[in-house]
Amino acid sequence: NKRNKDLRVFADELMKAKERAEYASMMKTTFIQNMSHEIRTPLNSIVGFSQLLVDIYQDNQETKEFVSIIEVNSANLLRLINDVLDMSRIESGNVKINEAESSIPVIVHDLRSILLPSINAKRMDFFIDTVDVEHENIICDKLRLNQVLINIVSNAIKFTPAGGTVAIKIKEIPNSPSGYADFEFSVKDSGIGMSEEFAKTIFEPFTREHNSTVSKIEGTGLGMAITKNIVDMMGGEISVRSEQGKGSEFTVKFRFRTTENQKKITVIPELKGF
């Protein structure tokens, strides 16, 4: 009858619209990946020849200053390209979670090694604390976990004035199901903070608050959106508390599988009660 015919036509139109949307998304992803490659090639040449200039005119202070400006802006452009490419991969479903055995001490050590130069450059106080961690050996995507934590801490460093404080706390939440461990990673800073309204939209793509653009802080507005997407893919949760002028605190929660060879605390009868 006419009703069934209309439904078939409507379903056919929906299918065609879906195919067009998928094709447009595929073309957009291909375009971004190709353009990222095309932009990287001349950018690498700019950085390379800049370094050659420093080597040739190493006694010329003015040349060094000019080259320094080129390097800073090249690095900012490269970060922008990487963010856009990461977001494109996430949207197209090309980012996969690859889990393997790792350990909390190794993750902390790597995180500290990567972030310390930026911390020292701004002469900031930097703290990493672990609380109630019983399951050090976990199964996770260490690369993606590092990416999440580095994105959050880098943001904290960027929006905290020189001489400020950034603190990371890694806490294991008790009463996890057998074979699992619940972890809470929090990053707290003494930076410029953000308004309550902006905090609600910070995980959306291309969002930047007015005070960050006024203060000329570099960024694409994609970092937190990328972070949120990766956290979601890892089955975690992310939230933020902030107040303008009083800093921000990002909290990420994950449930990891634990390895079978967990170290058990040996009870020594002679020391019981001490």
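Trainee: Which residues make the nonpolar surface patch of about 530 Å²?

Mentor: Ground rules: it's a predicted model, where local features need pLDDT of at least 70, side-chain atom pairs count only at pLDDT 80 or more, and totals for chains, interfaces and linings use all residues. Residues are numbered from 1 along each chain as its sequence is written, and side-chain values use heavy atoms, with hydrogens and water left out. A patch takes residues with over 30% relative accessible area and no salt bridge, joining like charges within 9 Å and nonpolar side chains (Val, Leu, Ile, Met, Phe, Trp, Tyr) within 5 Å. Here that gives Phe-49, Leu-52, Leu-53, Ile-56 and Tyr-57.

Trainee: What is the relative accessible area of Leu-52?

Mentor: Leu-52 sits in helix α1, residues 2-56. Buried means under 20% relative accessible area, exposed over 50%, and partly exposed in between, with a 1.4 Å probe and protein chains only. Leu-52 is partly exposed, at 43%.

Trainee: And why is strand β7 largely enclosed by the rest of the structure?

Mentor: Strand β7 covers residues 248-258; strands here are DSSP E runs of at least two residues, and helices are H or I runs of at least four. It's largely enclosed because the buried residues number eight of the eleven.

Trainee: Which residue of β7 is the bridge partner of Val-187?

Mentor: Strands pair if DSSP finds at least two bridges between them. Strand β5 (residues 180-189) runs antiparallel to β7, with nine bridges. For Val-187, the partner in β7 is Phe-250.

Methods. Accessible areas come from the Shrake-Rupley method with a 1.4 Å probe; for residues, only the protein chains shown count as cover. A salt bridge is a side-chain nitrogen of Lys or Arg within 4 Å of a carboxyl oxygen of Asp or Glu.
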